[in-house]
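Have a look at the sequence and the model, then read the points in order.

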Amino acid sequence: MDNSSGVGVIDKAALVLDALEAGPTTLAQLVTSTGLARPTVHRLALALVHHRLVSRDIQGRFVLGSRLVELASAAGEDRLIASAGPVLLQLRDATGESAQLFRRQGDARVCVASAERPIGLRDTIPVGTQLSMKAGSAAQCLLAWEDHDRLLQGLQNARFTPTVLAGVRRRGWGQSLGEREAGVASVSAPVRGPSGRVIAAVSISGPIERLTRQPGRIHAEVVVNAALQLTNAIGKSAD
């Protein structure tokens with residue numbers, strides 16, 4: 001599909017912002033992701049930094065800037081989070097387990113919405129909790145579709161392997177058994193933005209005794225459906 005608006009510099013700037021949707025990005029990674037010439041990407045990125053649409057992290061990588069947060073707030077709501085509440089409640093009720101929505105922020109993943117199991121033994125992850133990108137099925141989903149360089153970087157000291165991530169890409173969902181915390185299992189699926197990039201992960205989590213050692217066999221379908229609901233909600237908002 002041709003996403004060209006006919007205004008070249010705007011289209012190129014949009015390519016840069018789309019590339020940054022997945023997280024911190026080097027100049028070389030921006031060149032690869034956008035397909036633009038290195039001088040063009042560098043010039044656009046610096047101009048976007050000037051306007052606070054892009055910023056730099058402590059390692060000098062480009063990240064989405066604070067101005068975008070201000071603009072999103074001015075628009076009235078974050079469509080993803082606004083849509084997540086009822087979807088996570090449905091997921092919790094369908095599985096009997098706590099449900100969460102995670103976004104990647106730098107080298108961590110943050111819980112931005114949750115629906116806790118009301119009674120009994122449960123895995124409690126309050127909104128705002130930062131967890132590692134090195135363990136857990138949500139981390140697998142947030143990393144599995146990254147470009148080659150980010151993938152290699154993310155696998156350093158990770159509890160999962162390249163084979164595990166290949167399985168996530170093939171199936172469209174991930175599972176973990178005690179990766180993040182002993183005795184806890186989880187199942188996750190990716191949420192995609194309008195550009196097709198993975199921007200979040202929907203998860204359920206709970207004790208292995210209840211989810212079993214094959215939690216994906218039991219719950220993958222309903223988790224994937226929840227992720228698709230959020231993907232579709234974001235797409236409708238963009239339209």
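1. A word on naming before anything else: helices (H or I, at least four residues) and strands (E, at least two) are DSSP runs, numbered from the N terminus.

2. Some ground rules. This is a predicted model, where local features need pLDDT of at least 70 and side-chain atom pairs count only at pLDDT 80 or more, while totals for chains, interfaces and linings use all residues. Residues are numbered from 1 along each chain as its sequence is written, and side-chain values use heavy atoms, with hydrogens and water left out.

3. The overall picture: the protein chain has 10 helices and 8 strands. Its radius of gyration is 18 Å, close to the 18 Å that the globule rule gives for 239 residues, so the chain is as compact as a globular protein of that length. (The radius is taken over C-alpha atoms, and the rule is 2.2 Å times the number of residues to the power 0.38.) Along its principal axes the C-alpha trace spans about 55 × 40 × 35 Å.

4. How much is tucked inside? Buried residues come to 45% of the 239 in the protein chain. Here buried means under 20% relative accessible area, exposed means over 50%, and partly exposed is in between (1.4 Å probe, protein chains only). As for contacts, meaning heavy atoms within 4.5 Å, 56% of those with a separation of 6 or more join residues 24 or more positions apart.

5. Now look at helix H1 (residues 8-20) and helix H2 (residues 27-34), which pack at an angle of about 115° with their axes 9 Å apart. Axes are lines fitted to C-alpha atoms, for helices over the stretch in contact, and angles run from 0 to 180 degrees between N-to-C directions. The two helices are therefore roughly perpendicular to each other; the scale is under 35 degrees for roughly parallel, over 145 for roughly antiparallel, 65 to 115 for roughly perpendicular, and oblique for the rest.

6. Who makes that contact? On the H1 side there are Leu 15, Val 16, Ala 19 and Leu 20, and on the H2 side Leu 30, Ser 33 and Thr 34. By class, the contact of H1 with H2 has 5 nonpolar, 2 polar and no charged residues. For these classes, Ala, Val, Leu, Ile, Met, Phe, Trp, Tyr, Cys and Pro count as nonpolar, Asp, Glu, Lys and Arg as charged, and the others, Gly among them, as polar.

7. Stay with H2 for a moment. Its buried residues are Leu 27, Gln 29, Leu 30, Val 31 and Thr 34. The cover over them includes H1, helix H3 (38-50), strand E2 (62-64) and helix H7 (148-155). After H2 comes Gly 35, with a positive phi near 75°.

8. You'll find Arg 197 in the loop between strand E7 (184-192) and strand E8 (198-207), partly exposed at 24% relative accessible area. Not counting residues up to four places away in sequence, Arg 197 touches Asp 18, Ala 19, Glu 21, Ala 22, Ser 33, Val 191 and Arg 192.

9. Leaving out residues up to four places away in sequence, Ser 137 touches Gly 174, Gln 175, Ser 176, Ser 186, Val 187 and Ser 188.

10. Arg 52 is not a glycine, yet its phi is positive, about 65°; at 37% relative accessibility it counts as partly exposed. Asn 157, in the loop between H7 and H8, has a positive phi near 65° and is likewise a residue other than glycine. Asn 157 is exposed, with a relative accessible area of 75%.
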